[in-house]
Amino acid sequence: MTESNVSLIELFKRAICQKLKEASGINEVFYEHSRMAGYPRIRYIATVWTSDSALKGTLSCTVADNKESSTEVDRIVNTLLRELEGFSSCSDNLLYYLYSGRSDPKEESDETLRERLVTFEFMAMGG
């Protein structure tokens, strides 16, 4: 599939996956779910609505680790908030901007995991 045939949301998902890996320093980053991923890891989803020719929405990232302490999860969360708040990227095919970053506690249904939710609002447009 050529870049011109890829939807704007697919371009955004690819770009944000790479940026999350780069900013966090971990390779276990995936969209929606993965049963094979190790720890620590980031699972992200994008809730999207359209506004004229741009996409607007919320990027939700669940940071998880299976250690007794939440130290690594907190470090990753703080790094994401610091590195991605107000971040913008422009390429030939995609322009996106992240803003209004925040972190919220996440109820841990699995007592062996430490999880935090990081969210950003975003706007994306074709380049």
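This is a predicted model: local features need pLDDT of at least 70, side-chain atom pairs count only at pLDDT 80 or more; totals for chains, interfaces and linings use all residues.
Colleague: How far apart are the end C-alpha atoms of helix H2, and what span should its residues give?
Modeller: Helix H2 covers residues 71-84, which makes 14 residues. At 1.5 Å a residue, these should span 20 Å. The end C-alpha atoms agree with that, being 20 Å apart.

Colleague: Which residues of H2 are buried, and what arc do they cover around the axis?
Modeller: The buried set is made up of Val73, Ile76, Val77, Thr79, Leu80 and Leu84. They sit on the same side of H2, because the arc they cover around the axis is only 165°.

Colleague: At what angle do H1 and H2 pack, and which residues of H1 make the contact?
Modeller: The two axes are 9 Å apart, and the packing angle is about 115°. H1 passes H2 in a right-handed crossing. From H2, the contact uses Arg75, Ile76, Thr79, Leu80, Glu83 and Leu84, while H1 brings Lys19, Leu20, Ala23 and Ser24.

Colleague: How do the residues of the contact of H1 with H2 divide into nonpolar, polar and charged?
Modeller: Take Leu20 and Lys19 of H1 as examples, both part of the contact. Counting both helices, the contact divides into five nonpolar, two polar and three charged.

Colleague: Is Val63 buried or exposed, and what is its relative accessible area?
Modeller: Val63 has its place in strand S3. Leaving out residues up to four places away in sequence, Val63 touches Val73, Ile76, Val77 and Leu80, among others, and also Arg41, Ile42, Arg114, Glu115, Arg116 and Val118. Val63 is buried, and its relative accessible area is 0%.

Colleague: What about Thr62: buried or exposed, and with what relative accessible area?
Modeller: Thr62 also belongs to strand S3. Beyond its neighbours within four places in sequence, its contacts are Arg41, Ile42, Arg43, Lys106, Glu115, Arg116 and Leu117. Buried counts as under 20%, so Thr62 is buried, at 7%.

Technical notes. Residues are numbered from 1 along each chain as its sequence is written. Side-chain values use heavy atoms; hydrogens and water are left out. Helices (H or I, at least four residues) and strands (E, at least two) are DSSP runs, numbered from the N terminus. The expected span of a helix is 1.5 Å times one less than its number of residues. Buried means under 20% relative accessible area, exposed over 50%, partly exposed in between (1.4 Å probe, protein chains only). The arc is that of the directions from the helix axis to the C-beta atoms. Contact means heavy atoms within 4.5 Å. Axes are lines fitted to C-alpha atoms, for helices over the stretch in contact, and angles run from 0 to 180 degrees between N-to-C directions. A crossing is left-handed if the near helix is turned anticlockwise from the far one by less than a right angle, and right-handed if clockwise. Ala, Val, Leu, Ile, Met, Phe, Trp, Tyr, Cys and Pro count as nonpolar, Asp, Glu, Lys and Arg as charged, and the others, Gly among them, as polar.
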